[in-house]
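Hi,

Here is the structure I promised to pass on. Have a look at it, and then read my notes below.

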Amino acid sequence: MKKSAKKVISYRRRCLQLGQNTGLSHYILLAPKADSSK
Amino acid sequence: MKNAQQEQQSRYANTGFGPNFSVLDIGMPDTVAVIEPDSAYWALVSKDELGEALSGSLPVDFAERSEDFKKEMDALRFGLTPSAAYFNPTERCNLNCGYCYLPEEMRRDGITMTPEQLCDALERLLAYFKTVLPEGAKPQLIFHGSEPMVAREAMFAGIEKYSDRFHFGVQTNATLLDDEAIAFLTSHGVGIGLSLDAPKAEIANITRKNWNGTGYFDQVVAVIKKLVHYPALNVITTVTSANVGHITEMVDFYHELGVKVIMLNPVRCTRKGGQELKPDNDVMTENFIKALDRTHELYEKTGRKMVVANFANILAGVIAPTGRRLMCDISPCGGGRCFFAVAATGDLFPCSEFIGFPEYNGGNLFKDEIPKALTSAPFKEITGRKAEDIVPCANCAIRHFCGAPCPAEVKEVSGTVNAPSPFCQFYEEQARYAFRVIAQGREDAYLWDGFDDETEETYRWA
């Protein structure tokens, strides 16, 4: 079907590593790539 | 022959088999958000094309993907297993912050693990994580408190022994971080979170002070300066009625120091002290949005980004529901299912926020099997808490961008976990701000570096 609405922004992304190291609580954020400091 | 649903599902939104699209004002003159809450689908639509979006190609486009979106949300909400643990190596703290979620007697007189006890605990945790994580994936272990540096000897022994098997982090008040400790933590790649509540001592020291009432502003700032180039640093400001009017100054202050990742977390109302320091929602919202605007101004002016991670996580949750890093703003929250907390006694709780509440103890690391604790009644109360069971969240368009955090404070404030967040209005406005960021094409200015590499695009209206 031809998309008739022109002025629309909609997109979605997904995590490539869901469940491996995701899932921290609100008061903590390990900065990305913490291991890069090694 | 097509059945009735196949024939009709995509013709109109909001009737028959069509999708239930909520239309959300996002504070822009020409644009609204169209949201299908269950699947966390959204589209930003020009107001003059709204009719088309509700009865034209948008419902058709959505219908083709809705099952995939819903499966993804189910996997995120109900299909994960723990990959992290919060670990309190001591009950004690050298500070007595006004809003702490742990009982005072615990922080003043509590116990501290020995190196042997801590390493035994890590060994047990490692054995558990091996059973649930993919091969090669390292669990995260966050030393937390109370003040984990009170248990320095035990904590460092654990990091030294297990640094190749966990991703370690430590959340500390920074007052016990001497140069030797900094060198140890940074050389072992430990994520470091510090806490500072204001850009000047007279405000910062109101809430963060020791048992004699003395604050440590100068000392914390000195530590931030030493760590500012460390890639795994973040600094948390707990926003209270005492500092809420200063958080834009705080953004300037952190940016001037060179800090790259901060959090401006509204105080948790888990205990009376936090409840008494809660900023009003409208005041919190107004100041928080000014602070976010300021980070963008600074980015434009200097080219140097400073991420406000708690907002970035809301934005990430909109763009990539599974790409969020923090699991407070989704229901069920991460407590007890993505992570759990270990107290200095070995007692297991769904989250650190519950450590002061014995009724949420699901077992003991040294006596019980972890899976048994994870399926205990107190854990199941938290892991089963869904926005769909809460009024007004059940009918809220942004229920999967907010998650009605946090069950610990909600329980204390409302007497049940099935109630909305005390900061409901604040979350509404954060979601609206996130949609404005997307409408303006400014996502990169607010998201953490590496977000694009951690995620892949699965859908785009074109």
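**Helix packing in chain B**

The crossing of helix 13 and helix 18 of chain B is right-handed. Keep in mind that this is a predicted model. The axes of helix 13 (residues 309-319) and helix 18 (residues 424-439) of chain B come within 9 Å and cross at roughly 65°, which means that helix 13 of chain B is roughly perpendicular to helix 18 of chain B.

Who meets whom there? From helix 13 of chain B come B:Phe311, B:Ile314, B:Leu315 and B:Val318, and from helix 18 of chain B come B:Gln430, B:Ala431, B:Ala434 and B:Val437. The residues of this contact divide into seven nonpolar, one polar and no charged.

B:Leu315 is worth a click. Leaving out residues up to four places away in sequence, B:Leu315 touches B:Ala434, B:Val437, B:Glu443, B:Tyr446 and B:Leu447. B:Leu315 is also among the residues with the most contacts inside the largest nonpolar core, which has 152 residues; B:Val34 and B:Ile262 are others in that group.

The peptide bond from B:Gly145 to B:Ser146 is cis, with omega near 15°. B:Ser146 sits in the loop between strand 5 and helix 6 of chain B, and has a positive phi of about 25° although it is not a glycine. B:Ser146 is buried, with 27 other C-beta atoms within 10 Å.

B:Ala174 is another non-glycine residue with a positive phi, near 75°. Its loop runs between strand 6 and helix 7 of chain B, and B:Ala174 is buried, with 25 other C-beta atoms within 10 Å.

Finally, B:Pro405 and B:Cys406 are joined by a cis peptide bond, with omega about -15°.

Cheers

Conventions. Residues are numbered from 1 along each chain as its sequence is written. Chains are lettered from A and ligands numbered from 1 in the order in which they are written. This is a predicted model: local features need pLDDT of at least 70, side-chain atom pairs count only at pLDDT 80 or more; totals for chains, interfaces and linings use all residues. A nonpolar core is a set of buried Ala, Val, Leu, Ile, Met, Phe, Trp, Tyr and Cys residues joined through C-beta atoms within 7 Å. A residue is buried if 20 or more other C-beta atoms lie within 10 Å of its own, exposed if 12 or fewer, and partly exposed in between; C-beta atoms are placed from the backbone. Two residues are in contact if their C-beta atoms, placed from the backbone, lie within 7 Å. Axes are lines fitted to C-alpha atoms, for helices over the stretch in contact, and angles run from 0 to 180 degrees between N-to-C directions. Helices (H or I, at least four residues) and strands (E, at least two) are DSSP runs, numbered from the N terminus. Angles under 35 degrees count as roughly parallel, over 145 as roughly antiparallel, 65 to 115 as roughly perpendicular and the rest as oblique. A crossing is left-handed if the near helix is turned anticlockwise from the far one by less than a right angle, and right-handed if clockwise. Ala, Val, Leu, Ile, Met, Phe, Trp, Tyr, Cys and Pro count as nonpolar, Asp, Glu, Lys and Arg as charged, and the others, Gly among them, as polar.
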